[in-house]
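Visitor: Could you walk me through one part of this model up close? I'd like to start with a single spot and then see what surrounds the rest.

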Amino acid sequence: MAIDFDKHLGVLPAALKLQSRRTEVIAANLANADTPNYKARDVDFRAALAQAGAPGSTLGLAGSNARHLGTAGGTAATDDSLKYRTPLAPSLDGNTVDAHLEQAAFAENAVRYQSTLTFLNGKFRSLMTAITGQ
Amino acid sequence: MPSFNIFDIAGSGMSAQSVRLNTTASNLANADAVSGDPNGVYRAKHPVFAVAQPGNATPGAVAGASVQVSGIVESTNEPVKRYEPGHPLADAEGYVYAPGVNVVEEMVDMISASRSYQNDVEVMKTARDLMLATLRLGQ
């Protein structure tokens with residue numbers, strides 16, 4: 001009986017990739033908090049993850065024809081998933097970064113990333129248990 | 001794993017904010033440096049920030065855009081003319097010229113720069129922690 005890593009790990013690798021990308025986007029927002037005309041952006045997580053495959057299903061697109069091209073582990077985190085934030089209080093210099101909002105989003109994303117890591121660790125541990133039988 | 005790009009982004013933010021802190025320090029230090037010549041008076045300096053797009057990327061296409069200081073502009077505030085005939089630097093009519101530095105504005109700028117710098121430091125710290133946690137995956 002072969003162990004299918006993709007099936008066993010489920011949506012977690014794609015989520016991890018997406019969360020690491022979101023870290024980068026929010027870091028850029030915070031770095032540009034004082035840059036005139038900079039527009040804050042964020043990853044539309046739900047849409048991007050749905051694109052990568054629903055939880056429980058295998059990642060990638062379903063093919064109904066043998067000649068369909070497969071996707072290698074989902075194509076999450078493309079630039080299409082980036083959306084501009086709607087500013088609550090637009091400033092005169094055209095900057096739409098709300099530092100507090102970004103800080104909150106960054107903290108939230110860091111915790112989510114860490115919990116994904118924890119879940120992945122659990123998956124690996126159960127694999128190790130299956131392999132060693134102890 | 002969060003890419004190493006984050007360190008570049010946060011680092012660019014830190015260096016830009018430290019330039020801003022530098023100019024603020026210079027402006028505050030020279031706020032009282034009077035001169036007898038209105039053209040020789042110190043003028044407040046302010047950095048101009050711009051988004052740094054890597055290479056030939058179209059604006060808005062890249063997720064992690066760092067920040068750069070595109071230049072430093074001098075304030076157009078007129079020097080403040082003061083009548084102080086006893087001042088050693090006073091001109092023939094007894095006037096000295098003080099720089100038009102707005103000290104309150106500079107202090108606010110300083111606080112804003114220092115907060116932004118702290119934000120970037122926190123981003124860097126968190127990214128480092130997340131990367132280390134990723135490296136420990138499966139152990």
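Guide: Look at the loop between α2 and β1 (41-43) of chain A, where you'll find A:N37. This is a predicted model, by the way. A:N37 isn't a glycine, yet its phi is positive, about 70 degrees. Most residues other than glycine have a negative phi. As for its surroundings, A:N37 counts as partly exposed because it has 13 C-beta neighbours inside 10 Å, and a residue needs 20 or more to be called buried.

Now step back along chain A to α2 (12-31), which is packed against by the buried residues of α1(B). Who are they? In α1(B), the buried set includes B:I6, B:I9, B:A10 and B:M14, and also B:Q17, B:R20 and B:N27. The helix itself, α1(B), has 25 residues and spans 36 Å from first C-alpha to last, close to the 36 Å expected at 1.5 Å a residue.

That brings us to the contact between the chains, with 30 residues coming from chain B and 27 residues from chain A. On the chain B side, α1 (5-29), β1 (45-52), β2 (66-74) and α2 (103-135) each put in at least two residues. Sort the chain B side by type and you get 17 nonpolar, 12 polar and one charged.

Conventions:
Residues numbered from 1 in each chain as written. Chains lettered and ligands numbered in written order. Predicted model: local features only at pLDDT ≥ 70, side-chain atom pairs only at ≥ 80, totals over all residues. Contact = placed C-beta atoms within 7 Å. Helix = DSSP H or I, 4+ residues; strand = E, 2+ residues; numbered from the N terminus. Nonpolar A, V, L, I, M, F, W, Y, C, P; charged D, E, K, R; others polar. Expected span 1.5 Å × (residues − 1). Buried ≥ 20, exposed ≤ 12 C-beta atoms within 10 Å, placed from the backbone.
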